[in-house]
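Trainee: Could we go through this model together? I'd like to start with the charged pairs and then move on to the helices.

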Amino acid sequence: MQKGIKFRIYPNKGQKAFIHQTLGCCRFIYNRGLAMRKEGYEKGEKIGYGQTSAMLTELKKQEEFAFLKEVDSIALQQSLRDLDRGFVNFF
């Protein structure tokens, strides 16, 4: 028999803002990666996780996207992995 325990967390205002910022950045990276793959597909190019990960690295170097450095990099990479897994499962 397995038992489960439920926990409920109550983040403060600063933690809520950080969570929302992280989720927004993940959504931004996912959509940029999706657009990159869509353009590549229309041109007949094959774009994989490596290219989208390199795109993320280049975006972090630009001043315009400095906000990407403030959030957890693992969360951003995971959103690209989720995108890659969706494409692999589709094709």
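Trainee: Which side chains does Asp84 or Arg37 meet in a salt bridge?
Mentor: The side chains of Asp84 and Arg37 meet each other, at 2.7 Å from N to O, where a salt bridge is a side-chain nitrogen of Lys or Arg within 4 Å of a carboxyl oxygen of Asp or Glu. Asp84 lies in helix α3 and Arg37 in helix α1, so the pair ties together parts that are 47 residues apart in sequence. Keep in mind that this is a predicted model, in which local features need pLDDT of at least 70 and side-chain atom pairs count only at pLDDT 80 or more, while totals for chains, interfaces and linings use all residues. Residues are numbered from 1 along each chain as its sequence is written, and side-chain values use heavy atoms, with hydrogens and water left out.

Trainee: Is Arg37 buried or exposed?
Mentor: Arg37 is buried, with a relative accessible area of 6%, whereas Asp84, at 21%, counts as partly exposed; buried means under 20% relative accessible area, exposed over 50% and partly exposed in between, using a 1.4 Å probe and protein chains only.

Trainee: How many salt bridges are there in the structure?
Mentor: The structure holds 2, and one of them joins the side chains of Glu58 and Lys61 at 3.7 Å, N to O. Glu58 is partly exposed at 44% relative accessible area, and Lys61 is exposed at 59%.

Trainee: Switching to α1, what span does this helix have?
Mentor: Helix α1 covers residues 13-43, 31 residues in total, and reaches 45 Å from its first C-alpha to its last, close to the 45 Å expected at 1.5 Å a residue; that expected span is 1.5 Å times one less than the number of residues. Helices here are DSSP runs of H or I with at least four residues, numbered from the N terminus. Just after α1, Gly44 takes a positive phi of about 90°.

Trainee: And what covers the buried residues of α1?
Mentor: The cover includes α2 (49-61) and α3 (73-90), and the buried residues of α1 include Cys25, Cys26 and Ile29. Leaving aside neighbours within four places in sequence, Ile29 is in contact (heavy atoms within 4.5 Å) with residues including Leu56, Leu59, Leu76 and Leu80.

Note on methods
Helix = DSSP H or I, 4+ residues; strand = E, 2+ residues; numbered from the N terminus.
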